[in-house]
Amino acid sequence: MVTCKDFLRELGEYLDETTDPATRSALEKHITECPNCWVVFDTCKKTIQVYKGMDPQPLPDPVHERLMKALERKAVTLGVKEDCSEAKA
Amino acid sequence: MIALGLEQNMAGPRIRNEADPVALEEAALVDQARGGDLAAFSELVRRYERRVYRTARHIVQNDEDAEDVLQEAMLKAFEHLDSFQGNSKFYTWLVRIAVNESLMKLRKRKSDRSVSLDESIETDEEPIVREIAVWDDNPEQRYSQTELREILDKAIDSLKPIFRTVFILRDVEELSTEETAEILGLSIAAVKSRLLRARLQLRERLTRTFKRKGDQILGYV
Ligand SMILES: [Zn+2]
C-alpha cells in the first residue's frame with residue numbers, strides 16, 4: 001500500500017523512470033486513485049519539460065569577443081604552435 | 001524559435017558513442033587543440049560557450065561574475081587540455097571546471113553556509129509540497145519568449161545554491177546523475193535527493209504562475 005508520503009519519496013525515480021517494475025506499478029496505481037499526487041506528478045513533469053525546452057541564449061557579442069581576446073593572449077603566453085611557426089619562419 | 005514541447009517525451013540526453021561522427025569530430029578537435037591549435041579550440045569554445053555561460057550565470061547570479069567564470073574556465077581548459085583523458089565527454093569535463101569556478105566565486109562573495117555543497121546539509125528532510133493545482137494545458141504559450149525566460153530564471157534563482165546547481169546540471173544541461181555526482185563530488189543518493197527537492201520547489205513556484213485560472217488550490221490533508 002503506497003501512501004502519499006511514499007509516493008513523494010519515490011517521485012524523483014518515478015519521473016526519471018528508474019524505479020523497478022513492481023514499485024512503478026504500485027506508484028502508477030497510487031496516482032490513478034490519488035488526485036493530489038497525480039497533480040504533483042503532472043506539474044513536476046511539466047516543470048522539467050519546460051526547462052529542458054529552453055535553448056541557451058546566444059552569448060552577447062562583447063562577451064564572446066572578450067573571451068576570444070583572452071584566449072589569444074593565453075595562447076601567446078603558452079607559446080602555442082602558431083606563434084612558434086611564425087617565429088621560425 | 002523556442003521549442004518548449006510540453007508534449008514531448010522526457011528522453012534523456014543523447015548518448016554519443018564511438019561511431020557517432022559528431023563525437024569523432026570532437027575528439028579530433030580536442031586532439032588538435034591539445035597540440036596547441038587555437039583555431040580547433042575556438043571551435044570547441046563556439047560550441048559550448050553558451051551552455052557554460054548559462055550554467056555559470058545560474059550559479060553566480062550576475063552577468064559580470066558569469067563572464068569571469070566563462071573566461072577562467074575556457075582558459076583553464078585550454079591550458080590543461082592534457083589532463084582531459086577522453087574518458088568522459090569534453091563538455092562534462094569543461095562544465096566541471098566552470099562549476100568549480102562558479103562555486104569559488106560564490107564562496108568568495110558570501111560566507112553563507114548555504115553555499116556549501118556538503119553532504120551533511122539537509123538531505124534527509126521530507127520533500128515539501130504546499131500548492132497543488134492543475135496547470136493550463138500549455139501555460140507557457142501565454143507568455144512571450146522573454147517573459148517565459150524571466151519566469152523560469154527567476155524561479156531557479158530563488159533556489160539555494162545546493163539545489164539550483166544540481167537542477168541545472170541534471171535538468172537543464174541534461175547530464176546524468178553519475179556525471180552530476182562526479183562534478184559536484186556528491187554521492188548518487190545526495191544528487192537524487194537534492195534534485196527532487198529542487199524540482200518540487202520549482203514546481204511550487206511555477207504553479208503560482210501556470211495554474212489553471214479559477215481552479216481551487218488543493219492541498220494534502
Ligand atoms: Zn497521494
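Hi everyone, let me start with a pair of helices: H1(B) and H2(B) lie oblique to each other (under 35 degrees counts as roughly parallel, over 145 as roughly antiparallel, 65 to 115 as roughly perpendicular, and the rest as oblique). What you are looking at is a predicted model, in which local features need pLDDT of at least 70 and side-chain atom pairs count only at pLDDT 80 or more, while totals for chains, interfaces and linings use all residues. Residues are numbered from 1 along each chain as its sequence is written, chains are lettered from A and ligands numbered from 1 in the order in which they are written, and side-chain values use heavy atoms, with hydrogens and water left out.

Back to our pair. Helix H1 of chain B covers residues 21–34, and its axis comes within 7 Å of that of H2(B), crossing at roughly 130 degrees. Helices here are DSSP runs of H or I with at least four residues, strands are E runs of at least two, and both are numbered from the N terminus. Axes are lines fitted to C-alpha atoms, for helices over the stretch in contact, with angles from 0 to 180 degrees between N-to-C directions. The crossing is left-handed (near helix turned anticlockwise from the far one by less than a right angle; clockwise is right-handed). On the H1(B) side, the residues in contact include Leu29(B) and Val30(B), and on the H2(B) side they include Phe41(B) and Leu44(B); contact means heavy atoms within 4.5 Å. By class, this contact has seven nonpolar, one polar and four charged residues (Ala, Val, Leu, Ile, Met, Phe, Trp, Tyr, Cys and Pro are nonpolar; Asp, Glu, Lys and Arg charged; the others, Gly among them, polar).

Helix H2 of chain B, residues 38–60, also packs with H6 of chain B, residues 161–172, at about 155 degrees, with the axes 9 Å apart. That makes the two roughly antiparallel. Their crossing is right-handed. Among the residues that meet are His58(B) and Ile59(B) from H2(B), with Ile168(B) and Leu169(B) from H6(B).

Now, how far can we trust chain A? Its pLDDT (confidence per residue, 0 to 100) averages 89, and 89% of the residues score at least 70. Helix H2 of chain A, residues 21–33, is highest at 96, whereas H5 of chain A, residues 81–88, is lowest with a mean of 46. Over residues 83–89 of chain A, pLDDT stays under 50. Thanks, everyone!

Note on methods. pLDDT = per-residue confidence, 0-100.
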